Amino acid sequence: MVRAIAAKAMSAWGREAAAPMTVRDLVEAAFVQSREEIYVYLITFGLDAGAAQEATQEAFLRLHVELEKGTQIRNPRAWAFRVAHNLALTSRAGQRRTQELDAEIESTVACGGTDPERALIDKERMRLLAEALNGLSSQQRQCLHLRARGLRYQEIADTIGIAPSTVGEFLQRGIARLRKALHE
Amino acid sequence: MNSSPWTHLDERQLLRLDDGELSERESAEVRAHLQACWQCRHAHEQVRAAVSDYVRYLDAVSASVPAPPRPWGTIEARIRNTRQSEPGVSSRYPRPAWYGAVAATLLIALFFFWPKRVLTAAELLQQAASREKAAEAPRAIRIRTRTAQFTRTVRNASENMALKRRFDAAGYSWQDPLSARSFSEWRDTLKDPKDRVVSTRDENGVPVHRIATASQTSTVKEATLTLREGDLRPLNTVLEFRDNERVEISEVDDIELSPAVPVESRAEEPSKPKVPAAGELQVWAALRSIGADLGDPVEVRESGDGAVTISGTGIELQRQQEIRNTVASLPGIRVQFDTAERVALPPRGDTVEVPVSRAETDKHADRLLDLSDGLLARAHALHRLAERFPVARESRLSERDLALLRSLRSDHLDAVRDHVRRLRAELRMPAATPASQPTGSWQQSAERLLTAARETDEALQQIFAAARAEGTRPTLEHLYATITRLEEAVQ
């Protein structure tokens, strides 16, 4: 039973299980595959690096416990995001980290490419984007982040606890804000 | 789905198309429109460009994220540790004296943070409904649709008949729309309810259960009820209708507005005058002093216990603070701004949006439109006073409050007259013909004034701002007629 759940869950993660897997194999593989994206999500959420790493591991640990208990988890990736999101809510230090990242990003982007003019334009676009994103609510930013990482509207809704139609609205508002920042 | 060749697609449709969130039929319609319409194709490309830029931005952010402080290692070790700590697993290490305290702390932490069994929607609703029976209490609720927002008390369902009809058609209680029992009764009528239950935190960090029930057959395609985890009190209900109308009902605050009264005895209770309106009037006067009654989406409502609540959505933080400071000296005032989301204001109705480019193109038109903007704001503020203080309520005011109300009214009327005079001058309108004397109360005049101000604004927009490139523009005579009606209303 647990093996069947593991195989089904692995398939939902985007990988077909070549051989029968234990729950532990599944969680380990999922952990390797998705820990970085969940970690980055938590950092942008406002956690410091240590707390983000801890919460990421905790989310996968809980996934293991649930699957071992025989809980049916249709989409373990979205489930792990949701648990990590909830853990972050309990220990979030604030939004300062996002601001710091916006500053850090400028130097990161400016380093790309050999054409200085192109690099300058890129830098300016990224600055405008960062400004526009700062004008969005945290939930709107979370929707954009999770969508960019491949979660569907329903999965995003489950992760942050809002209606799927609200996800659509938040995404539209977010994109409209970015579009306006870049084209006006 | 609005995708005929004659109406352009909106951004949400374009985004949902790319995200695979449209039905096959909708996708086909949107694609067909895109093939035919260059303008929408251009908008589509811009949406895609914004998405692409955002992904690049996110990648750059990810690259700048600090590395985890420790190597990742494997999850294996933590799973093993978890198993060792399970009951029945003997420890290889002696237990120090503080072991008990640490274990107790861990147990408390586990109690709070370990995933709990999520109850089913039916179980949660049953529990929540039974608690409602035990603590019936009328409370203030805010009802927000895509275009409007108002506050009323539960069971006082006299406002907004269109919404009432909508709720009746869906089989959802309009009288008490923020209730587990109402949600449950609606859910019981569904042939195909599909439930989801999420335990999360709301925007204020309060632990909540969210029950979302979807149906393919009801006129409500999905309803979501948010219950506070601690006492299962309904905090919020959202109904998504098939025609894309969205109605959100929220509790105005956590404080009960009047003592619990059973439904039956409440219905038989003789109607008695509400608490004197002085508190609310003073709040309006305070808001007037900083111009917050002109265009800011501020609501002022008196509750059953005599307290006055100022609420609003989408108000900038700085403005919120100004309002708080202004009313700080007034006793018994509750200020409650919704800061969770900056919502878009409803489509133009009582405010004027002047495109930036217009300022560069035609100063004359700008002046006219600015005047119209100010005039509309005043007409709207006066109309709101008329709504809040109808004749019957006005008759119960004290002399002092009547004087305050008159002074607020005069202030708005003087401003309207001044705006009309300047409009006339700017338009070089022919000399005014003697206006007929209006009949009825000042409240009725306020209604006529708002109508005339809207007509004037509409005519100005169409003539001077070319807001609608297609269609017949009104004549100057039509504009003059609307301004004359304005003058009649402010007699």
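Predicted model: local features only at pLDDT ≥ 70, side-chain atom pairs only at ≥ 80, totals over all residues.
Chain B comprises 17 helices and 10 strands. Of its 491 residues, 43% count as buried. The accessible surface of chain B comes to about 26,500 Å², and carbon and sulfur atoms contribute 54% of that area.

Helix 1 of chain B spans residues 11-18, and its buried residues are B:E11, B:Q13, B:L14, B:L15 and B:L17. The cover over these buried residues is drawn from both chains: it includes helix 8 and helix 9 (164-183) of chain A, together with helix 2 (24-36) and helix 3 (38-64) of chain B. The N-terminal end of helix 1 of chain B is capped by B:D10, a side-chain oxygen of which lies 3.1 Å from the backbone nitrogen of B:R12. Just after this helix, B:G20 adopts a positive phi of about 70°.

Helix 8 of chain A, which takes part in that cover, spans residues 153-160 and contains A:D158. Because its relative accessibility is 16%, A:D158 counts as buried. Leaving aside residues up to four places away in sequence, A:D158 touches A:R82 in its own chain and B:R196 and B:V198 in chain B. A:D158 and A:W79 are 79 residues apart in sequence, yet their C-alpha atoms are 8.2 Å apart in space.

B:T224 counts as buried because its relative accessibility is 8%. When residues up to four places away in sequence are not counted, B:T224 touches A:A163 of chain A and, in chain B, B:F183, B:R210, B:I211, B:A212, B:N236, B:T237 and B:V238.

Elsewhere in chain B, strand 1 (residues 140-144) and strand 2 (residues 149-153) pair in the antiparallel sense over five bridges. The two strands form a hairpin, with four residues between them. Within this pairing, B:R142 has B:T151 in strand 2 of chain B as its bridge partner.

The cysteines were examined for disulfides, and the count over all chains comes to zero. For B:C37, the closest cysteine sulfur is that of B:C40, at 3.7 Å; a disulfide requires the sulfur atoms to lie within 2.5 Å, so this separation is too far for a bond. B:C40 is likewise in no disulfide, the nearest cysteine sulfur being that of B:C37. Both cysteines lie under the cut-off of 20% relative accessible area and are therefore buried: the value for B:C37 is 9%, and that for B:C40 is 2%.

The largest nonpolar core has 72 residues, of which A:L42, A:F60 and A:L178 touch the most other members. Helix 2 (residues 23-45) of chain A supplies the largest share of this core, with 12 residues. Another core, of 48 residues, lies apart from it and includes B:I310, B:L423, B:I483 and B:L486.

Note on methods. Residues numbered from 1 in each chain as written. Chains lettered and ligands numbered in written order. Heavy atoms only, no water. Buried < 20%, exposed > 50% of the residue type's maximum accessible area, 1.4 Å probe, protein only. Contact = heavy atoms within 4.5 Å. Pairing = 2+ DSSP bridges. Areas by Shrake-Rupley, 256 points an atom, 1.4 Å probe, with all protein chains shown as cover. Polar contact = N/O pair within 3.5 Å; in protein donor to acceptor, adjacent residues only side chain to side chain. Core = buried A, V, L, I, M, F, W, Y, C linked by side-chain atoms within 4.5 Å.
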